Each structure stands twice: as structure tokens, then as C-alpha cells.
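Hi,

Please look it over first, then read my notes.

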Amino acid sequence: MSGRDPFCQPRRIRRGAALTLVFASILVAGAATGALPQGEGKSAPEEARSSGTAGHHADVARAAEEAMADGTSPIQAAKRAVSRSGDRWGAVYSQGEYEEFEESLDGQYTGVGLWARSERDGRIEVTKVRAGSPAATAGIRPGDLLRSVDGKRTDGRPVTEVVSLLRGDATDAPAGTTVRLGLERGTRAWTETVRRAQLSTDSVTVRELAGRVTLIKVATFTKGSGRQVRAAVRQSPPGAGIVLDLRGNSGGLVTEAVTAASAFLDGGLVATYDVDGEQRALHAASGGDTTKPLVALVDGGTMSAAELLTGAVQDRGRALVVGSRTFGKGSVQMPSRLPDGSVAELTVGHYRTPSGRSVDGRGITPDLETDEDALQRAGTVLRGLASPS
């Protein structure tokens, strides 16, 4: 659930990449069993640099330090401080949890194969189940409510905590260990024990549809997904229309979303954002394909980095957006190390689309709103875009 300043070079806790921007909030909810990446690069958080950020982080750090001195849990104290601050997307991780999140940048994770998100009433809803996964084998379906993990209630917990419970981060649970899930579907409530497995995110899939349409589905923005999108666009047939399917995309690495935007834009602005009032910008690389008709397909599960990409191609007049209003997560988090080695990620700013629209709490309204047969409608729109005028 976080986004980080992409231009700050953090201290490393292991070797790896450099940039650390993730404007994701529900991004971890996007693979709730696998904790999607919290930053690009296996790197340690840095101290916040401006006074506003430093003050926010200092309060949480002070709470953790006082708890250590009193012999109580510094992580729990830090979480209470974050809760008191009113930071909706703020979160606290143990060092092990944080490293697990960053390790998942490679697109591999240990989990049960379900995606979930936090509803506004605090309940955790399953949004997608990976075919062939332990969750699918257990009969779990999208729309089911995840009410508990190993007996611990999930209602009101940050999705990041639910992710940690599902993965078994507290005990470094490997593939093959079991986890007990409390589930609810309508009036039915039941408990299911599933076995964790080593899974890959397969974040980008490409297939050809009738009518010379290339469908590029991006489930989450993990490491390398932006490059995969660019390759798919280059390899699509000349004159073919493209549907960029971002439905259910819960976010991920914003640097990867910017790379994906570069597949469709010839340079120029992708988004602006602020960190404690300091304005910054993200730009596409030059050389993208600006000729093939493009439709972006979105829904209420399109979040964070996926919204950033949607806003860019919509504002720049590069794509027509089809579907339903997106989730509305556009805040930036910055990580810092707490005295006990745990990590706090706290909100320090928000991003805007190229035209200056704020996404946070509002989402993006499609050019053509439709809840049913969205893919079919996208194909109709593409044929219209490809028709001679």
C-alpha cells in the first residue's frame, strides 16, 4: 500500500535495483496471498527528507522507541501511532515482512493464489482467484469475504496485515505449510484449510481477438511488466487495435506503469505528484506507438499505478477509456526505518493526471461507462476508431 519517491536513493539492505516508487495502496491487496512489491529494488527505506514528512515519521518512531524502553511491542505502538494520525494508507511492517514484500518484485511469491481488497467498511473481499491455485482448488470464489486467517479476524485490518497473515511472514512459512481461512458467502460461513504454494504473478498476458485486436491484460505492475507491455505493442500486427485491460489491476510499481505508458506515448508527461508540497513529474520515454487505436478497459478494481496509467492515456488523448469508475487511490507513501528495525510507510503526498486531475478518493471516470460486456464494447469502440473518417 505504498508509493515511494522515485528519485531518492535509499540505503540498501541487499543488492538490487534502485528506484523506489510504488504509489500503490491496495497494490498489496492485488495479490493478497503474495504481497505484491512495495518498491522497485530490494532496498532499505530511507529517512524522510522534508520537515512535514520528518515530523510525521518522527511521531511514529518516537512511539516505537518509547515502547522499546518500556519493554512493550514497538511494532504495535507504531501501528497505534499510525492509526491515531488518520493516515488511511499508512502501514507498519516488521523487517522480515518488508523484505518479503520487496523480494516479491521478481514476480514470485508464496501464497494460496487469491487477490483481495479492503472494502470501505473494513471487510476484506476476494476479488480474483488464480486458476489452478490452492485457493481455486478449495473452491474459493471472487466475492467471498475473508473474515479470518488462522483464527485472527481480518475486519478492520490493513490489507498489508492480512497479506502477512496469509503468507505466514511471522514464521517465514514456506510453500507446503497450511493456513486456515474463515470465509463467508452470502448466508454461508465456513472454514477452509489450504496449503501455501510457490506461485508466479504472470502479470502480463497477451492474446489475439477477432477483428485484428490485440488484448494486453496487466494484472499488476511487477518488475518487468512495463517492458512486457512494450514488447506486446511492438509485436502486434500493423494496423491492429489494442485493448489494454486494467480491470482488477490493483497497482504495483509506478516505474513499471510509466514504462507501460511509454509503449503508447512518444514522450511527454505521465503524471505529477507532490512530496510535502514539492512538485515532481513522471515522463514517458520517447518512441512509443502512437498510431494503433487504443482502448483502456477499467473497473472498480483498477487502482493506484493502474489509475496513473489510465489517466495518462486518457488525458493525452491517446486512448478511450471503457468500463466503470476506478477505485481512487492516488497517494504517495515514503518508508522509514524504526528503532527496532521495522518499517513505517506513511503518506506524504498525492499524484495527479497530466491535466491536473486528482485521483485519490475520486477515481477516473471512463469515456464510455459500462458494467456488462465491457470487452465486447471495447471491441466495438476499436472498430470505430479504426474506421476511416
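Below are notes on confidence, helix packing, the sheet and a hairpin.

The model is predicted: local features need pLDDT of at least 70, side-chain atom pairs count only at pLDDT 80 or more, and totals for chains, interfaces and linings use all residues. Numbering starts from 1 along each chain as its sequence is written, and side-chain values use heavy atoms, with hydrogens and water left out.

Confidence
The protein chain has a mean pLDDT of 82 (pLDDT is the predictor's confidence in each residue, from 0 to 100). 83% of its residues reach 70 or more. Where pLDDT is low, the predicted coordinates should not be read in detail.

Helix packing
Helices (H or I, at least four residues) and strands (E, at least two) are DSSP runs, numbered from the N terminus. Axes are lines fitted to C-alpha atoms, for helices over the stretch in contact; angles run from 0 to 180 degrees between N-to-C directions.

Helix 7 (residues 254–261) packs with helix 8 (residues 305–315) at about 25°, with axes 9 Å apart. That makes the two helices roughly parallel (angles under 35 degrees). V254, A257, V258, A260 and A261 in helix 7 meet A305, L308 and L309 in helix 8. By class, this contact has 8 nonpolar, no polar and no charged residues (Ala, Val, Leu, Ile, Met, Phe, Trp, Tyr, Cys and Pro count as nonpolar, Asp, Glu, Lys and Arg as charged, and the others, Gly among them, as polar).

Helix 6 (residues 225–235) also packs with helix 7. Their axes come within 7 Å and cross at roughly 10°. S225, G226, R227, V229 and R230 in helix 6 meet E256, T259 and A260 in helix 7. By class, that contact has 2 nonpolar, 3 polar and 3 charged residues.

An open sheet of 6 strands runs in the order 10-11-12-15-16-19, with mixed pairing (strands pair if DSSP finds at least two bridges between them). Its edge strands are strand 10 (204–209) and strand 19 (368–369). Strand 16 (residues 320–323) pairs with strand 19 in the parallel sense over 2 bridges. V322 has L368 in strand 19 as its bridge partner. Helix 8 packs on the sheet, touching strand 12 (241–245), strand 15 (294–298) and strand 16. The direction of helix 8 makes about 145° with that of strand 15.

Hairpin
Strand 7 (residues 178–185) and strand 8 (residues 188–195) pair in the antiparallel sense over 8 bridges. They form a hairpin with 2 residues between them. G186 in the turn has a positive phi of about 65°.

Best wishes

Definitions and conventions. Parallel < 35°, antiparallel > 145°, perpendicular 65-115°, else oblique. Contact = heavy atoms within 4.5 Å.
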